[in-house]
Amino acid sequence: MQTNFTAEQLADPHVAESEKILRRCVHCGFCTATCPTYVTLGNELDSPRGRIYLIKDMLENGRAADAEVVTHIDRCLSCLACVTTCPSGVDYMHLVDHARVHIEKTYRRPPMDRLIRQVLAMVLPYPGRFRLALGLARLGRPLAPLLRRVAPLKPLAAMLDLAPQARPKPSTSTRSGSRGPDGERRGRVAILSGCAQPVLDPGINEATIRLLTRLGVEVVVPQGEGCCGALVHHMGKEDHALASARSNIDVWIREIEAGGLDAIIITASGCGTTIKDYGHMLRLDPAYAGKAARVSALAKDVTEYLSALELPEVESRGLAVAYHSACSMQHGQKITMAPKVLLRKAGFTVREPAEGHLCCGSAGTYNIMQPEISAQLKTRKVKNIEATRADVIATGNIGCMTQIGTATAIPIVHTVELLDWAYGGPKPAKLA
Ligand code: SF4
Ligand code: SF4
């Protein structure tokens, strides 16, 4: 694609990067076929190619974002299916990241939209506040049908719908400190406690810690870990996202220097995609660029790390598992085989739902901010999953678990919970 940026515009490294990305696009439109919003809405402006044109026009003309650009960029799930499909290697992820930051800086959203986004940014990344909010959501649930009738309040109704009926008890898995390996030590890793995940489903990291320590790996929860920044990063709140990244980098570098780390284990693929991108996000910060690249290189999804441990084959359990590959897992991190291979080795029959490349509509805060499109994608996803007639659904991202879990009676668990069970841990509570 030809671009017409001035030398002055290209002096901004963010614009220079976006210009390079734009130039790679050859307008072929292959990406439209796998884009969930184009497939759902059928509007070229809700396709990757359409959004690329909108972003090019906005940046090239040095314009502030307008309502049209914001509408179509907000509808993008950042699922990155287009990146997997693109034959030309267009780095849409960093282009849309830049567009979102530009929108945040130049566009004044309607008051209710601004307020809801602010509340989400102030609550979701902090487990204590999030836990409190879930308690309030349970009380407010009867108001959801009323809120749903007023367009600007629909996100509030979506929040109430998504809140679980019961809050699990706080878990010891988030307490800082080391969990020693059983027997001889074959590795030492840090685990990301995360923000929303330990509140919604602490069993995931409990299973991870049990499994890894049983396999001889020391697991450390470093003091001071916090949210990875993904949620605010996808809202274009760059300062907040970079502050979270710097804070976690300091924590992990301290741990590397104190005891050494073979990996930083992440059990939510949305967080994994962002932490693997810290090196890029902080590339212009001389104080953090090197440290961020080091942390990104150590970041591993739990299934990536387990694959390297060569687990033994286990006899079949006669249980069929529908494996749902989160977008951040398959498109963001390009991890496609490892979870399925591990599940098969662990004695499960793996079934792959049709249209596995399409997003379930969760996408961070998307199911709150874009409830209608999200609901359509959820219905489509659940129909495909249920068609597999599986006994259980496994996935590697808490967002997908919450989204899909609200629409099906098939139990949904994290892949690592099944692996922990297969290799000597307890049966996941949802299967009891
Ligand atoms: S990230 Fe997903 S929703 Fe956004 S343009 Fe690409 S395929 Fe479409
Ligand atoms: S597939 Fe790639 S090159 Fe083709 S239109 Fe989409 S982004 Fe551009």
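This is a predicted model: local features need pLDDT of at least 70, side-chain atom pairs count only at pLDDT 80 or more; totals for chains, interfaces and linings use all residues.
1. A residue is called buried here when its relative accessible area is under 20%, exposed when that area is over 50%, and partly exposed in between, with a 1.4 Å probe and protein chains only. Strands (E, at least two residues) and helices (H or I, at least four residues) are DSSP runs numbered from the N terminus.

2. Residues are numbered from 1 along each chain as its sequence is written, chains are lettered from A and ligands numbered from 1 in the order in which they are written, and side-chain values use heavy atoms, with hydrogens and water left out.

3. Five of the five residues of strand 2 are buried, so the strand is largely enclosed by the rest of the structure. The covering holds for both faces, with Gly187, Val189 and Ile191 buried on one side and Arg188 and Ala190 buried on the other. In a regular strand the side chains alternate between the two faces of the sheet.

4. The pairing of these strands follows the rule that two strands pair if DSSP finds at least two bridges between them. Strand 2 pairs in the parallel sense with strand 3 (residues 217–221) over four bridges, and there glycine 187 stands opposite valine 217. Strand 2 also pairs in the parallel sense with strand 4 (residues 263–266), over three bridges, where isoleucine 191 stands opposite isoleucine 265. Strand 4 is in turn joined by three bridges to strand 5 (residues 299–301), again in a parallel arrangement, and the bridge partner of isoleucine 264 in strand 5 is alanine 299.

5. Which residues come nearest to ligand 1? A residue is near a molecule or strand if one of its heavy atoms lies within 4 Å of it, and of the 13 residues around ligand 1, Cys35, Arg51, Cys76, Cys79 and Cys82 come nearest. Helix 3 (36–41), helix 4 (48–60) and helix 6 (81–85) are the elements that give two or more residues to this shell. Counting Ala, Val, Leu, Ile, Met, Phe, Trp, Tyr, Cys and Pro as nonpolar, Asp, Glu, Lys and Arg as charged, and the others, Gly among them, as polar, the shell around ligand 1 has 10 nonpolar, two polar and one charged residues.

6. Ligand 2 is likewise surrounded by 13 residues, of which the closest are Cys25, Cys28, Gly29, Cys31 and Cys86. The shell around ligand 2 divides into nine nonpolar, three polar and one charged residues.

7. The structure holds one aromatic pair, where rings of Phe, Tyr and Trp (its six-membered ring) pair if their centres lie within 6.5 Å, and planes under 30 degrees apart count as stacked, over 60 as edge-to-face and the rest as tilted. The partners are phenylalanine 348 and tryptophan 421, in a tilted pair with 6.0 Å centre to centre and 45° between the planes. The pair links distant parts of the chain, 73 residues apart, with phenylalanine 348 in the loop between helix 21 (338–345) and strand 7 (349–351) and tryptophan 421 in helix 25 (residues 415–422). Both phenylalanine 348 and tryptophan 421 are buried.

8. Helix 25 itself is mostly covered, with eight of its eight residues buried, among them Glu417 and Asp420. Glycine 424, whose phi is positive, near 105°, follows helix 25.

9. Most residues other than glycine have a negative phi, and most peptide bonds are trans. Lysine 334, in the loop between helix 20 (327–332) and helix 21, has a positive phi near 60°, and at 46% relative accessibility lysine 334 counts as partly exposed. Alanine 363, in the loop between strand 7 and helix 22 (366–369), has a positive phi near 50°, and at 28% relative accessibility alanine 363 also counts as partly exposed.

10. Leucine 311 is found in the loop between helix 19 (302–307) and strand 6 (320–324). At 4% relative accessibility leucine 311 counts as buried, and leucine 311 lies 8.9 Å from leucine 215, C-alpha to C-alpha, although the two are 96 residues apart in sequence.
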